[in-house]
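Student: I would like to learn how to read a model like this one, feature by feature. Where do we start?

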Amino acid sequence: MNVSVLSSALEGVHARLVGVEVKIRSTGLPGFHIVGLADTAVRESRVRVLAALDDAGYRLGDRNITVNLAPASLPKSGSALDLPIAVGLLGAAGIYPPSSVEGTMFLGELGLRGALRTVTGVLPAALAAREKGLTGMVVAERNAPEASCVSGIKVWAARDFASVVEHLTGKRPLPVVDRPDDPPGAASALDLAQIRGQTMAKRALEVAAAGGHNVLMVGPPGAGKTMLARAFAGILPSMTDAEALETAAVHSVAGLLRGGGGIRRARPFRAPHHSVSHAGLVGGGTFPRPGEVSLAHNGVLFLDELGEFGSYALDLLREPLEEGRVTVVRASGAVVFPSRIVLVAAMNPCRCGHHGDPRRECTCTPMEQRRYASRVSGPLMDRFDMRILVPSLSYSELTTAGNPESSNLVRARVEKTRSVQVARWSAQGLGEVHNAVVPGQIMESSCAMDKGTREMVARVVDELGVSARGYTRLLRVARTVADMDGAENVEHAHVAEAVEYCRGLWKREPPLQTAIGPMAQER
């Protein structure tokens, strides 16, 4: 008897339906054969499946068993196919009617005693099931909340294989899991109001959040760069429904949603250590997995001590920052992971960290300063829209409380500014995007300026040697500043503020000194 059970296999952060076709024959040599481009974990499933069947009281004896995983051209990996293979074997043995599995997807790893264990990628599988018109899916109990986040599909939660068999035979139906409530947006661990001083840096971060601009912070150790970066996540608006589902799908593939509740609306904040490998940063491996840049999709990737990261790993970020995706190519094919992020990085001005600091003397030689600055390549530096100077604070600045704004207040302004951008770019057919990702030609046509402002931009471009990409980024930042002011046109003051944020990124000789020089004067 032949039986086909539906399951899925991951292809990047998307799932594709897999038909598990099972055939049991009494003729021929006994054996258990799995075909269909299966990896080692899938081929080993025959051991787990037979042990689980035996524990549940089903012994197939010496039979010739063939399991075909279709389509055969799609690579299959992991242990999620254990359950559909076991279900297919019992169906081929006539234990339950074939109609019991119609329109239902099965996912789960089996233990030797039949326990049903969690697997990765359940959320993309649920999305694929809904897209293909399936009516339900059976998963492990801890995977059920994740799967039930997808509306329009029924999710049954099973503790072990025996309960799945009882469900299929009609003895005891499995419980249907309701969609869990979305958890409240996680409050930022650090509020902007807790950070003393750094008024200019806070203003620049608000601009970066409003326009989705990548930003580099430069300053001496202990000035507050890391605190500002962590507070930055708290001024970003919550994710939309589409963004939350996209991000959750990436986290599901990475195994970060196991046992979780609903879809989180707070934007992800990832801060990998500088010892991270290039595969850990941008994704990869024999069976490609998402890296930190994809786990930060629709959120923030924070690289502290930027100069300490490997130069090869940093240069791999250029494509994700420009294209919003990572393409990992292997012999079996190419896998694409999304990576639309805001990159926030921090670094010292030199090796000792005190170049340009009026209170501490720099001990680095000019050669050491150049060597330290050269760790970040020019092409990567060109991907930053803004550069923020974070100077050390005096005693009076540290002890004067003032009346700093809270993250909630700043976030409200950011949300208002982003709504203006969404309305503008949606009307031009670009969708719900922010200024940082708008193509240069469209951005230029949307930056109406008077004659004096255009002359100012021309002087900046010519005198500071701004590249074509740098010119576009200048317009993007200026457009964001104008949006924050509620201005229809980009005015002289908006361009002037944008130049202050951008000029340190244009000239790199001597490295890092063009913007650090004014540090003492600003104080």
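Tutor: We start with the naming of elements: helices (H or I, at least four residues) and strands (E, at least two) are DSSP runs, numbered from the N terminus. Arg411, for example, is found in helix α17, which covers residues 407-427. Keep in mind that this is a predicted model.

Student: How many helices and strands does the protein chain have?

Tutor: The protein chain has 23 helices and 16 strands. Its C-alpha atoms fill a box of roughly 85 × 45 × 45 Å along the principal axes.

Student: Staying with Arg411, is this residue buried or exposed, or in between?

Tutor: Buried means under 20% relative accessible area, and exposed means over 50%. Arg411 has 22% relative accessibility, so it counts as partly exposed.

Student: What is Arg411 in contact with, leaving aside its neighbours within four places in sequence?

Tutor: Arg411 is in contact with Gly234, Ile235, Leu236 and Pro237 once those neighbours are set aside. The C-alpha atom of Arg411 is 9.6 Å from that of Phe232, although the two residues are 179 apart along the chain. The side chain of Arg411 also makes a polar contact of 2.4 Å with the side chain of Asn408.

Student: What share of contacts in the protein chain join residues at least 24 apart?

Tutor: Counting contacts between residues at least 6 apart in sequence, 74% join residues at least 24 apart.

Student: How should I read the interior?

Tutor: The general idea is that in soluble globular proteins, nonpolar side chains tend to be buried together. In this chain of 523 residues, buried residues make up 51%. The largest nonpolar core has 53 residues, and those with the most contacts inside it are Met217, Phe232, Val344, Met386, Ile388 and Val477. A second, separate core has 41 residues, including Val18, Val49, Leu53 and Val165.

Student: Which residues of helix α6 are buried, and what covers them?

Tutor: Helix α6 spans residues 161-169, and its buried residues are Phe161, Ser163, Val164, Val165, His167 and Leu168. The cover over these buried residues includes the helices α2 and α3 and the strands β5, β6, β8 and β9. After α6 comes Gly170, with a positive phi near 85 degrees.

Student: Where do the buried residues of helix α14 fall, seen down its axis?

Tutor: First, the residues: in α14, residues 366-373, the buried ones are Gln369, Tyr372 and Ala373. Seen down the axis of α14, these fall within an arc of 95 degrees, so they line one face of the helix.

Student: Is Arg479 buried or exposed?

Tutor: Arg479 counts as buried because its relative accessibility is 1%. Its place is in helix α20, residues 468-484. The side chain of Arg479 reaches the backbone oxygen of Glu488 at 3.1 Å.

Student: What should I look for in the backbone?

Tutor: Most residues other than glycine have a negative phi, and most peptide bonds are trans. Leu37 has a positive phi, near 55 degrees. Leu37 lies in the loop between β3 and α1, and with a relative accessible area of 49% it is partly exposed. Asn298 also has a positive phi, of about 70 degrees. Asn298 is in the loop between α11 and β12, and its relative accessible area of 7% makes it buried.

Student: Which residues does the cis peptide bond join?

Tutor: The cis peptide bond joins Ala70 and Pro71, with omega about 5 degrees. Pro71 lies in the loop between β4 and α3.

How values were computed. Residues numbered from 1 in each chain as written. Predicted model: local features only at pLDDT ≥ 70, side-chain atom pairs only at ≥ 80, totals over all residues. Heavy atoms only, no water. Core = buried A, V, L, I, M, F, W, Y, C linked by side-chain atoms within 4.5 Å. Buried < 20%, exposed > 50% of the residue type's maximum accessible area, 1.4 Å probe, protein only. Arc of directions from axis to C-beta. Polar contact = N/O pair within 3.5 Å; in protein donor to acceptor, adjacent residues only side chain to side chain. Contact = heavy atoms within 4.5 Å.
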